Amino acid sequence: MSNVLVVEELSKSFPGVKALDKVNITLRAGEVQALLGENGAGKSTLIKILTGVYQTAEGQVILNGSPVSFDSPLAATKAGIGVVHQERNLIPYFSVAENIVLQEQPSRFGLIDVRKRNEKARKALDSLGLTIDPDEIVQNLSVAQMQLVEIAKALATETRVLLLDEPTASISGSEATKLFSVVAKLREQGTAVLFVSHKLEEVFEVCDTVTVLRDGESVIESSPLADYSRSEIVAAMVGRTLADRAKRFRDVEPGEPALELRNVSTVLGHEDVSLSLLKGEVLGLYGLVGAGRSELVRSVLGLHSILSGQILLNGQVVKIGDVREALHRYRIGYVTENRKEEGLFLEFTINRNIAVTVWRKLQAWLGVVSHKKETEVSERFVESLGIRISSVNQLAGNLSGGNQQKVSLAKWLAAETEIIVIDEPTVGIDVRTKANFHELIMDLADQGMAVLLISSDLPEMVSIADRIMVMRDYQFVGEFANSKDYAEMSTQVMEAIQTGSKRTAAA
Amino acid sequence: MKFITKYLRTTEFSLSLLFVLGFISLALTSGGVLLSGQSIRSFLAYLAIPILIGLAQMVVLAVGQLNLAVGAMGGATAAVMAQMMIVWETPIWVAMLSGLFVATLMGAVNGFLVVSTGLNGFIITLGTLTILEGVQYALVRSFTLNAYPDAVKDFGKIDFFNIPSIFIVAIITAVIVAWFFRTNVVARRVLATGANPLAARLSGVSNPLSIFLAHTLSGALIGVAAIVTITSLGGINRSIGGDWLLSSFAAPIIAGVLMSGGVVAVYGTVMAAAVIRLVDIARAQYSLDPSVVNFTIGTVVLSTVALSEWRRRRAEVIRQRFSEDSDE
């Protein structure tokens, strides 16, 4: 088989972070290669370079024997690299055929040639063995069908290399099987496929070879998948570097339950989920991306409906209508995963970003909030969290990622919440700030706060959580007391993720 | 020193400078006529409405929405007040307070409709615009209502050392709005909603309430504008409010209030309204065609928007360069 795509010593830096460090990949015609790695390992950066979203990088990308560099996503498509993203990229009001030929509408005398268009679409669908009606409007399709249409669309242009970015993230098991048969068909036809996924089972089911990225480096480079066991792959993804850090054991005895969920089912798909978060403990919710952890917390906060089950706060059954109630009445804080989109007001000063949760408390006559009182509050937390800034009147948007994250934590501490949920706190943050942040989280628990930590970073989990609950497919599939021994914990957790299913829930 | 250079770069400063230079050059070329008591009086008197409706638009822009019904709300409110005094012979103060109330209510209805339907303010206020124009016409027909007490019309003629009463009303209103946005907890929540609705919601701010309040406040400001109108004109006809829309947008947008929300600039809006007045004066002074004014204002608004968009993108680029994140 001939090499279709070769990536040689590819590096890409962002200020403060080396996103890719001399990555090597070889992809041959008719090969399905898995691209694995944890959040922040560099997968998205690699895909963005291959699809022309990022134009500058060191190293080489060789397509069909000649070096290429794309100055736009369109250039990448024209060169024969097709991509199916996680997010749908179809136009919902157009028909299947119109979407498939979107990039190259067949036309005659400047008018769209409908007959030819349908022919072309039909051909693309047939080649994948799909029976979807080309005249159907896309928004009437199921998510899985849309995914398949996207593949057909990617193949409508002369595609040599197809990048599938987590194609099964939002479709069911049987639909995934259909997708895999399409992938098998592509392999027969000689298309080279790069398959990005977080689900190891399906990787072992459909892929021939594997590349693993960790901290921007390719730790496994296009090797046959048969040479590895699951645990070897996981070990390669997770690494040991961070886990070997000095362990800190907390000697505080956790107290009474602060938050309890009893058989909670949500509109998003959680069924009979139960957990108990104690005062003074860090409870970790581990799982791969899309396991349903943030969604569970958001449902508890009233952002999504809860269908059945009970929520108890300090032993009392409560109904939380919205985030406002969660904050002011029940003292629950939520440090969101996307600090820029959901956590901060980038155009506001640090002062206001921290004080937003306590304006209600600071207000005097006629609802006046004095700048001085705001500053008192925010400066206290700037100091205690070690936020490095010159003034609290700086705009939040101008801070580094680590400092931004601390500001979005500070606003909940200012509100004196008793329970705090911290969602993926250290994604995109440098190692030193990360360690600092871990200390902070443990300090909070020492002070008696109940901390619910959501993280996909296993070393992080093992180094700071007291207990780890593992979620998969919106269910808990395991619960472990954390011995802080990385080898032991990672084996247990990974086993739960791989073998756990809805029926054999251990929690 | 750093504070001063920072101030020199603000839109407020540029506008103040532009105003001073423009005023001086117009005063010089008019041979000093512009500096006479009569000219100053009329300059300031005609500034009251643009300031008030600029602020009314600004508070809705603060939550990232638009109020297209500014003029129709003002016109209908003025017609209501006039008819109350003519038909029911209500006391002046009752009519004025009712006008303020009616306009505030119109704003509240806009806000309620936006929040309850989930549609953008653009659509809703386009609807209320049309309805209220109908209301205004029904109340006024093709007449000019002027049979209300002279005391009302006289108020607009009062001045203190050549500063007209209605201008003072507009400035007091602006000061209250500025104070409100600088210090008030409700105003901050309104701005938080405009700046980032997702973050606002997750910080315990009620976005629907913010949007409702912004439209209601806009209505109240239009009420003040309607009162100023009825006290400064000889009568109310169906064209009142018809030319408010462009200038209501022009002032805040030139002042740098973002269309995406989260920002207010009260002083800037006042200064921008003053600069626009200068364009009017220049037209009168040099006997230019009236279309020149709209042409100039339209051009300035477009270039301001383009400039602020460019600034925003540049800030974004600089921000990315200095933050330590990759976008993994």
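Select domain 1 and domain 2 of chain A: their C-alpha centres lie 33 Å apart. Chain A is divided into domain 1 (3–238), domain 2 (254–331 + 417–507) and domain 3 (346–416), with bounds that come from an automatic or database domain assignment. This is a predicted model, in which local features need pLDDT of at least 70, side-chain atom pairs count only at pLDDT 80 or more, and totals for chains, interfaces and linings use all residues. Residues are numbered from 1 along each chain as its sequence is written, while chains are lettered from A and ligands numbered from 1 in the order in which they are written.

**Stop 1: a hairpin in chain A**

Select strand E1 (residues 3–14) and strand E4 (residues 58–63) of chain A, which pair in the antiparallel sense over 5 bridges. Strands (E, at least two residues) and helices (H or I, at least four) are DSSP runs, numbered from the N terminus; two strands pair if DSSP finds at least two bridges between them. Val7(A) stands opposite Val61(A) in E4(A).

What lies between E4(A) and E5(A) in the hairpin? There are 2 residues between the two strands, and Asn64(A) in the turn has a positive phi of about 50 degrees.

**Stop 2: a sheet of four strands**

Select E14, E13, E16 and E17 of chain A. In that order these 4 strands form an open sheet with antiparallel pairing. Strand E14 (273–278) and strand E17 (316–318) of chain A stand at the edges with a single partner strand each, so one side of each is left without a neighbour in the sheet. The twist averages 20 degrees from one strand to the next, where axes are lines fitted to C-alpha atoms, for helices over the stretch in contact, and angles run from 0 to 180 degrees between N-to-C directions.

Now keep strand E16 (residues 306–313) of chain A and E17(A), an antiparallel pair with 3 bridges. Ile311(A) has Val318(A) in E17(A) as its bridge partner.

**Stop 3: a sheet of six strands**

Select E18, E19, E20, E15, E21 and E22 of chain A, which in this order form an open sheet of 6 strands with mixed pairing. Which strands stand at the edges? They are strand E18 (332–335) and strand E22 (475–481) of chain A; each has a single partner strand, so one side of each is left without a neighbour in the sheet. From one strand to the next, the twist averages 20 degrees.

Strand E21 (residues 467–472) of chain A pairs with E22(A) in the antiparallel sense over 6 bridges, and Phe476(A) in E22(A) is the bridge partner of Met471(A).

**Stop 4: helix pairs in chain B**

Two packed helices are described by the angle between their axes and the distance between the axes.

Select helix H4 (residues 48–61) and helix H9 (residues 165–183) of chain B, whose axes come within 8 Å and cross at roughly 25 degrees. H4(B) and H9(B) are therefore roughly parallel to each other (angles under 35 degrees count as roughly parallel, over 145 as roughly antiparallel, 65 to 115 as roughly perpendicular and the rest as oblique). H4(B) passes H9(B) in a left-handed crossing; a crossing is left-handed if the near helix is turned anticlockwise from the far one by less than a right angle, and right-handed if clockwise. Among the residues in the contact are Ile51(B) and Leu55(B) of H4(B) and Phe167(B) and Val177(B) of H9(B) (contact: C-beta atoms, placed from the backbone, within 7 Å). The contact residues divide into 10 nonpolar, 1 polar and no charged. Ala, Val, Leu, Ile, Met, Phe, Trp, Tyr, Cys and Pro count as nonpolar, Asp, Glu, Lys and Arg as charged, and the others, Gly among them, as polar.

Finally, select helix H13 (residues 244–254) and helix H14 (residues 266–285) of chain B, which pack at an angle of about 120 degrees with their axes 7 Å apart. That makes H13(B) oblique to H14(B). H13(B) passes H14(B) in a right-handed crossing.

How values were computed. Two residues are in contact if their C-beta atoms, placed from the backbone, lie within 7 Å.
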